[in-house]
Amino acid sequence: MEEEEQFSYAQRLKAAVHYTVGSMCQEMAEEKDVQYSKQTIAALSEVTFRQCETFARDLEMFARHAKRSTINAEDVKLLARRSNALFNYITRMSETLASRNQEQKEKKKKKSVSAGKGARSAEEVPEAGTVDTED
């Protein structure tokens with residue numbers, strides 16, 4: 001039964017890839033005024049699916065080699081090392097995401113620090129009409 005489920009899942013993934021490749025070919029056909037045959041779209045879909053399988057296995061091996069169970073950006077960069085344009089794009093995106101994450105962490109830290117300083121307990125809040133004279 002498990003083998004059937006895996007086959008069904010792979011078929012659904014292949015269908016999704018085929019649909020996406022077909023959509024991209026249709027967009028390119030309209031943009032460039034060319035036509036793609038059904039056989040061409042099918043071949044592109046199959047190559048794309050197989051390449052994604054290879055990428056997934058490679059990424060898994062890179063993480064495993066580093067004794068990690070999680071694939072990270074460095075694994076993706078290693079995968080893209082043979083394509084300068086792709087490697088540079090992934091590196092820029094990784095740096096952008098890292099700086100955004102750092103900014104968000106700093107904002108959260110500032111909020112928690114300012115919330116801690118600004119909040120007084122009920123004992124510290126002076127009653128109305130009195131003056132707080134703590135030195």
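Tutor: Buried means under 20% relative accessible area, exposed over 50%, and partly exposed in between (1.4 Å probe, protein chains only). This is a predicted model, in which local features need pLDDT of at least 70 and side-chain atom pairs count only at pLDDT 80 or more, while totals for chains, interfaces and linings use all residues. Residues are numbered from 1 along each chain as its sequence is written, and side-chain values use heavy atoms, leaving out hydrogens and water.

The protein chain as a whole contains four helices and zero strands, in the order α-α-α-α from the N terminus. Of its 135 residues, 13% are buried.

The buried residues of helix 1 are Val 17, Val 21, Gly 22, Cys 25 and Ala 29. An α-helix has 3.6 residues a turn, so residues three or four places apart point the same way. Helix 1 has 31 residues and should span 45 Å at 1.5 Å a residue; its end C-alpha atoms lie 44 Å apart, which agrees. (The expected span is 1.5 Å times one less than the number of residues.) Helix 2, residues 38-65, agrees as well: its 28 residues should span 40 Å, and its end C-alpha atoms are 40 Å apart.

In helix 2, the buried residues are Ile 41, Ser 45, Phe 49, Leu 59 and Ala 63. Their packing partners are helix 1 (2-32) and helix 3 (73-79).

How do the two helices meet? Their axes are 9 Å apart, and the packing angle is about 125 degrees. (Axes are lines fitted to C-alpha atoms, for helices over the stretch in contact, and angles run from 0 to 180 degrees between N-to-C directions.) Helix 1 is therefore oblique to helix 2; under 35 degrees would be roughly parallel, over 145 roughly antiparallel, 65 to 115 roughly perpendicular, and the rest is oblique. In the contact, helix 1 contributes residues including Leu 13, Val 17, Val 21 and Cys 25, while helix 2 contributes residues including Ile 41, Leu 44, Ser 45 and Phe 49. By class, this contact has nine nonpolar, four polar and two charged residues. (Ala, Val, Leu, Ile, Met, Phe, Trp, Tyr, Cys and Pro count as nonpolar, Asp, Glu, Lys and Arg as charged, and the others, Gly among them, as polar.)

The loop between helix 1 and helix 2 holds Tyr 36. Tyr 36 counts as partly exposed because its relative accessibility is 31%. Setting aside residues up to four places away in sequence, Tyr 36 touches Cys 25, Met 28, Ala 29 and Ile 41. Cys 25 is 11 residues from Tyr 36 in sequence, and their C-alpha atoms are 6.8 Å apart.

Asp 33 lies in that loop between helix 1 and helix 2 too. Although Asp 33 is not a glycine, its phi is positive, about 55 degrees. Most residues other than glycine have a negative phi. With 71% relative accessibility, Asp 33 counts as exposed. Just after helix 2, Lys 67 likewise takes a positive phi, of about 60 degrees. Lys 67 belongs to the loop between helix 2 and helix 3, and at 77% relative accessibility it counts as exposed.

Methods
Contact = heavy atoms within 4.5 Å.
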